[in-house]
Amino acid sequence: MKRCLRLILIATVILSVFRLLYILFVLPEYGETRLHPGQLWSKRYLPSLGHQINVSPQQIDLRVIVLAYDRAESLTRCLASLKEAEYNGDRVHIDVWIDCSKSGQIDGDTYTAAMLFSFKYGTVTVHNHTRHVGIYGQWLGTWKVTEQTKEIALFLEDDVTVSKYFYKWLKAVHTKYDSVANINGYSTQGMSMKHSGDRGWLQAPKSEVVFSYPVLGTWGFSPSLKNWLGFLNWYRETASNPSFHPLVPGLKPSNWYRSFMKSGKTDSMWSMWHIYYANKNNELTIYPNLPFRQGLTTNGNEKGLHYSTKQKTQAGRALVEWLDKYIALPSVPVQLDTHGRVVRS
Ligand SMILES: *[C@@H]1O[C@H](CO)[C@@H](O)[C@H](O)[C@H]1NC(C)=O
């Protein structure tokens, strides 16, 4: 009995020592992100302020931000599609951001895939994250924006490929809608679910080349600068409150977020914060409405395959043939609600 008590006492002492070491040496690393111990469990990523490093030397027109982790083959496909796209002589920079594992490892094959990429239309920088930032850090911490930023940015997760014409479309929609206060950006994908959970894909009437919609799509997203800055500022403020959860009633993603909360995995759903913020501010995202639900990006791997009705129902296709009418953009795009119904035309 005495022996047992002594063991418990020793275990308690050892635990306290570890706790002390943790507080002294591990916690300070989180200083930059202003987490306090009570918030650590919630694993919320908070982008640091005042770190506006300009990662490309000169003024550029387009920055493609490729988010990678440990899928070398996907990354190679994504980069190869960027190589085949048209840039019309504009200044392009590609940032490849590779996240590291929780133990600090960068996947060697992914790194090699990024380093092997050569791009004749502009410059490329490969960034190793120095700590695991997860999907939040990848999306919220990699575009170093200020009010003065002029470039167009496009976020691509590594399983996305672009259409040859993606930049032509992006330039046109930015020019047309960046000055519209409630347009928060451009989703380049051709297919999207209805976020209410209704069946089928989003689709505006055939006569329309774009539509606006309350929820962003993340298979290629290009933010409108002002709205992105507003979102980041709000996120920084709001996410530091561990009891706040970004739930929007009636949306499927809210249910996913809720179930992630139960399993402690909300760190995979940064988009829920964007959805909440957009809802709160009545912001909309522009989507293409092209024939056969082609997109300017796709998260499938159908490149080079022939078009068939079967594929149409799978991951969607990247636009293969350009027509100028795709950028004959209306001043007020038709708006769909989360059930996919036209709100006003
Ligand atoms: C990035 O990670 C790779 C793979 O571990 C390594 O070979 C490379 O030296 C790293 N680069 C930098 C700049 O840290």
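**Legends to close-up views of a predicted chain**

Of the 345 residues in the chain, 48% count as buried, where buried means under 20% relative accessible area, exposed over 50% and partly exposed in between (1.4 Å probe, protein chains only). This is a predicted model, in which local features need pLDDT of at least 70 and side-chain atom pairs count only at pLDDT 80 or more, while totals for chains, interfaces and linings use all residues. Residues are numbered from 1 along each chain as its sequence is written, and side-chain values use heavy atoms, with hydrogens and water left out.

View 1. Helices (H or I, at least four residues) and strands (E, at least two) are DSSP runs, numbered from the N terminus. Among contacts (heavy atoms within 4.5 Å) with a separation of 6 or more, 78% join residues 24 or more positions apart. The accessible surface of the chain is about 17,700 Å², and carbon and sulfur atoms hold 55% of it; accessible areas come from the Shrake-Rupley method with a 1.4 Å probe, and for residues only the protein chains shown count as cover.

**View 2. S222 lies in strand β8, residues 221–223.** S222 has a relative accessible area of 0% and is therefore buried. Leaving aside neighbours within four places in sequence, S222 is in contact with I152, A153, L154, L170, H174, G185 and Y186. A polar atom of the S222 side chain lies 2.6 Å from the backbone oxygen of A153. This pair is a polar contact, that is, N or O atoms within 3.5 Å; within protein, one must be able to donate a hydrogen and the other to accept it, and residues adjacent in sequence count only if both atoms are side-chain atoms.

**View 3. D337 sits in the loop between β13 (334–336) and β14 (342–344).** D337 counts as buried because its relative accessible area is 18%. The D337 side chain reaches the backbone nitrogen of H339 at 2.9 Å. Not counting residues up to four places away in sequence, D337 touches L202, Y213, P214 and V343.

**View 4. The residues around the ligand are I106, Y111 and N128.** A residue is near a molecule or strand if one of its heavy atoms lies within 4 Å of it. A polar side-chain atom of N128 is 2.4 Å from an oxygen atom of the ligand. Taken alone, the ligand exposes 360 Å², of which the protein buries 40%.

**View 5. N88 and R293 have positive phi values without being glycine.** For N88, in the loop between α3 (72–83) and β2 (92–98), phi is about 55°. The relative accessible area of N88 is 70%, so N88 is exposed. For R293, in the loop between β9 (284–288) and β10 (294–295), phi is near 50°. R293 counts as buried because its relative accessibility is 18%.

**View 6. The mean pLDDT of the chain is 86, and 81% of its residues reach 70 or more.** pLDDT is the predictor's confidence in each residue, from 0 to 100. Over residues 20–42 the pLDDT is below 50, and this stretch has 24 contacts in the model beyond near neighbours in sequence. Over residues 302–313 the pLDDT stays under 50, with 16 contacts beyond four places in sequence. Where pLDDT is low, the predicted coordinates should not be read in detail.
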